[in-house]
Amino acid sequence: MLLIAFYIAIAAEAMTAALAAGRRNMDWFGVCLIACVTALGGGTMRDIFLDHYPLVWVENPYVLLLVCGAALITIPLARLVDRLRWPFLLLDALGLVVFTVIGCNIGIEAGVHPIIVIVAGMVTGTAGGVLRDVLCNDIPLIFQGELYATVSLVTGVIYYLGLMGGLPINLMVIVAIAIGFTLRVLAIAFKWEMPKFVYDREMRK
């Protein structure tokens, strides 16, 4: 189940990343690069931090073909894909929590501290989007108040605590993904945001 969700998620991430590249008038190579960074960047950063090799796309190069293929397909279908906002938001939410659970599993396998397990999940779920926004010269989405990294954090904590409590892994995968996905969708629908720190040195009391 996780594997299928993973492939669906990286394809969806690649397509939304292609749109972001298109808004910056990038060439086809740039579109593919942004798609790969977005879809695979989080897992790559996690594996480098945890010294976990081979990287997913090195071990399975066909993942690169899937990501680039999804990105290139988006080019002629850009207007249609752009109109399908909610379906892609839902797929993005699914990708966030699926990547988080996968990242936590890698952290657990690496035998790292529980805090690092949660961080590994959050990096997997969010770092690709941060890299995409930086390369596209945008302020990363997760720094603009969106409940994105927070959802990843909550998903990872629920998943890890459930496993440490002796609950079956298959059950915790379903529970963590369901809670995280629901929280992210509610955050989008009701525009829930993190408090923002606004500082202006010219402000007067």
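Contact here means heavy atoms within 4.5 Å. Leaving aside neighbours within four places in sequence, Asp82 is in contact with Leu19 and Arg23.

Before going on, the ground rules. This is a predicted model, with residues numbered from 1 along each chain as its sequence is written; local features need pLDDT of at least 70, side-chain atom pairs count only at pLDDT 80 or more, and totals for chains, interfaces and linings use all residues. Side-chain values use heavy atoms, with hydrogens and water left out.

Back to Asp82. This residue is found in helix H5, residues 78–83; helices are DSSP runs of H or I, at least four residues, numbered from the N terminus. Asp82 has a relative accessible area of 43% and is therefore partly exposed. The cut-offs are under 20% for buried, over 50% for exposed, and partly exposed in between, with a 1.4 Å probe and protein chains only. Between the C-alpha atoms of Asp82 and Met194 there are 26 Å, and the two are 112 residues apart along the chain.

Now the annotation. An unreviewed UniProt entry lists "transmembrane region" for residues 62–81, 88–108, 114–135, 147–163 and 169–190. Those positions are in the numbering used here, feature names are shortened, and annotations may be inferred rather than shown by experiment. In the model, residues 88–108 are 100% helix and 0% strand, with the end C-alpha atoms 30 Å apart. Residues 147–163 come out at 88% helix and 0% strand, and their end C-alpha atoms are 24 Å apart.

H6 covers residues 85–110 and reaches 37 Å from first C-alpha to last, close to the 38 Å expected. The expected span is 1.5 Å times one less than the number of residues. After H6 comes Gly111, with a positive phi near 70 degrees. H9 has 22 residues, so it should span 32 Å, and its end C-alpha atoms are 31 Å apart, which agrees. Just after H9, Lys191 takes a positive phi of about 55 degrees.

What do the buried residues of H9 pack against? They pack against H1, H6 and H8. Among those buried residues are Met172, Ala176, Ile177 and Arg184.

That leads to the core. A nonpolar core is a set of buried Ala, Val, Leu, Ile, Met, Phe, Trp, Tyr and Cys residues joined through side-chain atoms within 4.5 Å. The largest one has 47 residues, and Ile10 and Ile177 are among those with the most contacts inside it. H1 gives the most to this core, with 14 residues. Not counting residues up to four places away in sequence, Ile10 touches Ala39, Leu40, Val63, Leu66, Val67 and Phe99.

On to the rings. Rings of Phe, Tyr and Trp (its six-membered ring) pair if their centres lie within 6.5 Å; planes under 30 degrees apart count as stacked, over 60 as edge-to-face and the rest as tilted. The whole structure has four aromatic pairs. Phe6 and Phe99 make an edge-to-face pair, 5.9 Å centre to centre with 70 degrees between the planes. This pair links H1 to H6, 93 residues apart. Both Phe6 and Phe99 are buried. Phe190 and Trp192 are stacked, at 5.9 Å and 20 degrees.

Last, the cysteines. A search for disulfides, meaning cysteine sulfur atoms within 2.5 Å, finds zero in the whole structure. For Cys36, the nearest cysteine sulfur is that of Cys68, 3.7 Å away. Cys36 has 16% relative accessibility, so it counts as buried.

Terms used:
Helices (H or I, at least four residues) and strands (E, at least two) are DSSP runs, numbered from the N terminus.
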